[in-house]
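Reader: I would like a close look at one part of this model, namely its sheet, together with the residues that can be described alongside it. Please keep to one part and follow it through.

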Amino acid sequence: MTNEQNKLNARRIVDEGWNKHNSKVLDELFSNDAILHNPQDPTVVKGAQGAKATLQTYLTAFPDVKITIEKEIADGEYVVQHLRAIGTNTGPMNGMPATGKKANTTGAMTTKFDSHGKICEVWSFFDNLGLMQQLGVVPTPEVATKREPVLAGSR
């Protein structure tokens, strides 16, 4: 597959899968044994079914999410995308109740394609600390610094 074809297929994950909520495109793009790496989720996620589960988790939490590709580089079987995700947290996510707050976060996804043009491996990560701070689940540094410092051995 060419760099351009791989970029087109990587864009389809974002445009069709995430932005149009079309999970069927993942069946077309992912190999059955594809491995999805996500540092926020220690479980091993595999294939289109694993990608669909991840998609569903985030679309439940942020049904209005819009992901844009800010930068993209293709080299052989790899496509790297710098992404921006904007959405409102109106549903639960991994045991966290909805906050009703809008969030704007960035991340990156590296997608590896096999010789047949199927996705065989994905590495993705987003600024989850920043996301949780925007949602009010984790205090921002300004809030955290207003607290009295706790020194070791002072309790």
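In what order do the six strands of the open sheet stand, and what kind of pairing do they show?

Author: This is a predicted model, in which local features need pLDDT of at least 70 and side-chain atom pairs count only at pLDDT 80 or more, while totals for chains, interfaces and linings use all residues. Residues are numbered from 1 along each chain as its sequence is written, and side-chain values use heavy atoms, with hydrogens and water left out.

The six strands of the open sheet follow the order E2-E1-E6-E5-E4-E3, and their pairing is mixed. Strands (E, at least two residues) and helices (H or I, at least four) are DSSP runs numbered from the N terminus, and two strands pair if DSSP finds at least two bridges between them. At the edges stand E2 and E3, the latter covering residues 66-75, and each has a single partner strand, so that one side of each is left without a neighbour in the sheet. Within this order E4 and E5 pair in the antiparallel sense, over 11 bridges, and Gln 81 is found opposite Met 109 of E5.

From C-alpha to C-alpha, Ala 98 lies 22 Å from Gly 17, and the two are separated by 81 residues in sequence.

A positive phi is also found at His 21, another residue other than glycine, where the value is near 55°. His 21 sits in the loop between H1 and helix H2, the latter spanning residues 24-29, and with 37% relative accessibility His 21 counts as partly exposed.

Aromatic contacts complete the picture. Rings of Phe, Tyr and Trp (its six-membered ring) pair if their centres lie within 6.5 Å, and planes under 30 degrees apart count as stacked, over 60 as edge-to-face and the rest as tilted. By this rule there are two aromatic pairs. One of them joins Trp 18 and Tyr 58 in a tilted arrangement, with 6.3 Å from centre to centre and 50° between the planes. That pair links distant parts of the chain, since Trp 18 lies in helix H1 (residues 3-19) and Tyr 58 in helix H3 (residues 47-61), 40 residues apart. Trp 18, at 17% relative accessibility, counts as buried, whereas Tyr 58, at 21%, counts as partly exposed.

Tyr 78 belongs to strand E4 (residues 78-88) and Trp 123 to strand E6 (residues 119-126), and the pair links distant parts of the chain, 45 residues apart. Tyr 78 is partly exposed at 31% relative accessibility, and Trp 123 is partly exposed with a relative accessible area of 30%.

Note on methods:
Buried < 20%, exposed > 50% of the residue type's maximum accessible area, 1.4 Å probe, protein only.
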